[in-house]
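Hi,

Here is the structure I promised to pass on.

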2 protein chains.
Amino acid sequence: MAINSRMASAAHIMCFIAYIGGEGTNSEAIARSLKTNPVVVRKILKSLQNEGLVVMRQGRNGGVSLSRVPEEITLGDIYRAVEGEGGVFALREAVNLRCVVARCMGDSLTAVFRSVDDAVQQTFQQTTLATLLRAVR
Amino acid sequence: MAINSRMASAAHIMCFIAYIGGEGTNSEAIARSLKTNPVVVRKILKSLQNEGLVVMRQGRNGGVSLSRVPEEITLGDIYRAVEGEGGVFALREAVNLRCVVARCMGDSLTAVFRSVDDAVQQTFQQTTLATLLRAVR
């Protein structure tokens with residue numbers, strides 16, 4: 001499966017901000033921790049901002065802070081921010097609608113995949129950013 | 001998220017074999033239903049065979065059959081066949097190990113991602129191929 005590490009990056013970013021604090025925490029500093037490009041970090045920060053999880057300050061003293069305490073932010077919130085409505089599994093883009101099996105797969109699999117997405121969301125919801133933060137030492 | 005449709009394809013293939021039956025069911029016929037290339041189908045069939053879910057017959061009367069009845073095959077079995085040990089979410093390939101946050105992310109996220117994978121597996125396990133098949137009409 002084409003697994004991706006965007007969720008890992010987003011959780012890392014949030015934990016970094018929580019640990020270092022809002023002062024001087026900007027996309028360059030975060031990018032050094034992730035060993036990636038600040039552009040990648042800014043893109044993820046934008047998603048986190050859209051979900052109301054971080055506050056970004058522009059200008060000379062610009063930077064990024066958490067919008068609430070780590071106890072009130074779950075990995076479920078972070079997952080929603082970066083993965084949006086997409087879900088984990090996708091239907092095939094096209095199937096042969098003249099085939100009776102193909103015609104019925106969409107509805108059946110949509111229902112199953114929705115249950116899977118709910119399970120993923122619920123599992124992420126059980127871990128707070130505060131829990132991740134406690135493991136940093 | 002770079003979602004993929006391999007699970008959807010594999011479930012579709014299994015349902016096709018279950019519906020049409022073993023006689024004359026080969027990768028070309030399946031590919032027409034999926035609107036894809038027989039090579040793609042054969043690759044997935046190979047994974048399903050490795051997990052013991054299908055039996056492939058070579059030669060002139062070659063084809064593919066289920067190895068057991070649809071009531072005894074779950075989407076969890078199919079998921080294991082096509083997604084293997086990979087899991088849904090990946091860690092970042094490299095992080096800055098001089099950063100205390102980065103150093104701790106791997107272990108913390110591995111544990112969370114494992115719980116998520118268990119939840120995905122358990123949810124798929126609740127649906128049998130027989131259930132999918134009943135929706136085909």
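**What I found**

Chain A has 6 helices and 2 strands. Keep in mind while reading that this is a predicted model. Going from the N terminus, the order of elements in chain A is α-α-α-β-β-α-α-α.

On overall shape: the radius of gyration of chain A is 18 Å, whereas a compact globule of 137 residues would come out near 14 Å. The C-alpha atoms of chain A take up a box of roughly 60 × 30 × 25 Å along the principal axes. As for burial, 41% of the 137 residues of chain A count as buried. If you look at contacts in chain A between residues at least 6 apart in sequence, 68% of them link residues at least 24 apart.

**How the two chains sit together**

The contact between the chains draws 50 residues from chain A and 49 residues from chain B. On the chain A side, the elements that give two or more residues are helix H1 (6-20), helix H2 (27-34), helix H4 (75-83) and helix H5 (100-125). H5(A) gives the most, with 15 residues. By class, the side of chain A that touches chain B splits into 32 nonpolar, 12 polar and 6 charged residues. Also, 98% of the interface residues of chain A are interface residues in chain B too, so the copies meet through the same surface.

Leu75(B) is in helix H4 (residues 75-83) of chain B. Is Leu75(B) buried or exposed? The cut-off for buried is 20 or more other C-beta atoms within 10 Å, and Leu75(B) counts as buried because it has 26 C-beta neighbours inside 10 Å.

Leaving aside residues up to four places away in sequence, Leu75(B) touches Val112(A), Ala11(B), Phe124(B) and Thr127(B). So that you can find one of these pairs on screen: Leu75(B) and Ala11(B) are 64 residues apart in sequence, and their C-alpha atoms are 7.1 Å apart in space.

**Helix packing**

Two packed helices are described by the angle between their axes and the distance between the axes, and I looked at two such pairs.

H1(A) packs against helix H3 (residues 38-50) of chain A at about 80 degrees, with the axes 10 Å apart. Angles of 65 to 115 degrees count as roughly perpendicular, and H1(A) and H3(A) are therefore roughly perpendicular to each other. From H1(A), the contact uses Ser9(A), Ala10(A), Ile13(A) and Met14(A), while H3(A) supplies Val41(A), Ile44(A), Leu45(A) and Leu48(A). By class, the contact of H1(A) with H3(A) has 7 nonpolar residues, 1 polar and no charged.

The second pair is in chain B. Helix H2 (residues 27-34) and helix H3 (residues 38-50) of chain B pack at an angle of about 110 degrees, and their axes are 8 Å apart. H2(B) and H3(B) are therefore roughly perpendicular to each other as well. Ser27(B), Glu28(B), Ile30(B), Ala31(B) and Leu34(B) in H2(B) meet Pro38(B), Val41(B), Arg42(B) and Leu45(B) in H3(B). The contact of H2(B) with H3(B) divides into 6 nonpolar, 1 polar and 2 charged residues.

**A backbone detail**

Most residues other than glycine have a negative phi. What is the phi of Lys35(A)? Lys35(A) has a phi near 55 degrees, a positive value in a residue other than glycine. Lys35(A) lies in the loop between H2 and H3 of chain A. With 14 C-beta neighbours inside 10 Å, Lys35(A) counts as partly exposed.

In chain B, Lys35(B) has a positive phi of about 55 degrees although it is not a glycine, and its place is in the loop between H2 and H3 of chain B. Lys35(B) counts as partly exposed because it has 14 C-beta neighbours inside 10 Å.

Cheers

Note on methods:
Residues are numbered from 1 along each chain as its sequence is written. Chains are lettered from A and ligands numbered from 1 in the order in which they are written. This is a predicted model: local features need pLDDT of at least 70, side-chain atom pairs count only at pLDDT 80 or more; totals for chains, interfaces and linings use all residues. Two residues are in contact if their C-beta atoms, placed from the backbone, lie within 7 Å. Helices (H or I, at least four residues) and strands (E, at least two) are DSSP runs, numbered from the N terminus. The radius of gyration is taken over C-alpha atoms; the globule rule is 2.2 Å times the number of residues to the power 0.38. A residue is buried if 20 or more other C-beta atoms lie within 10 Å of its own, exposed if 12 or fewer, and partly exposed in between; C-beta atoms are placed from the backbone. Ala, Val, Leu, Ile, Met, Phe, Trp, Tyr, Cys and Pro count as nonpolar, Asp, Glu, Lys and Arg as charged, and the others, Gly among them, as polar. Axes are lines fitted to C-alpha atoms, for helices over the stretch in contact, and angles run from 0 to 180 degrees between N-to-C directions. Angles under 35 degrees count as roughly parallel, over 145 as roughly antiparallel, 65 to 115 as roughly perpendicular and the rest as oblique.
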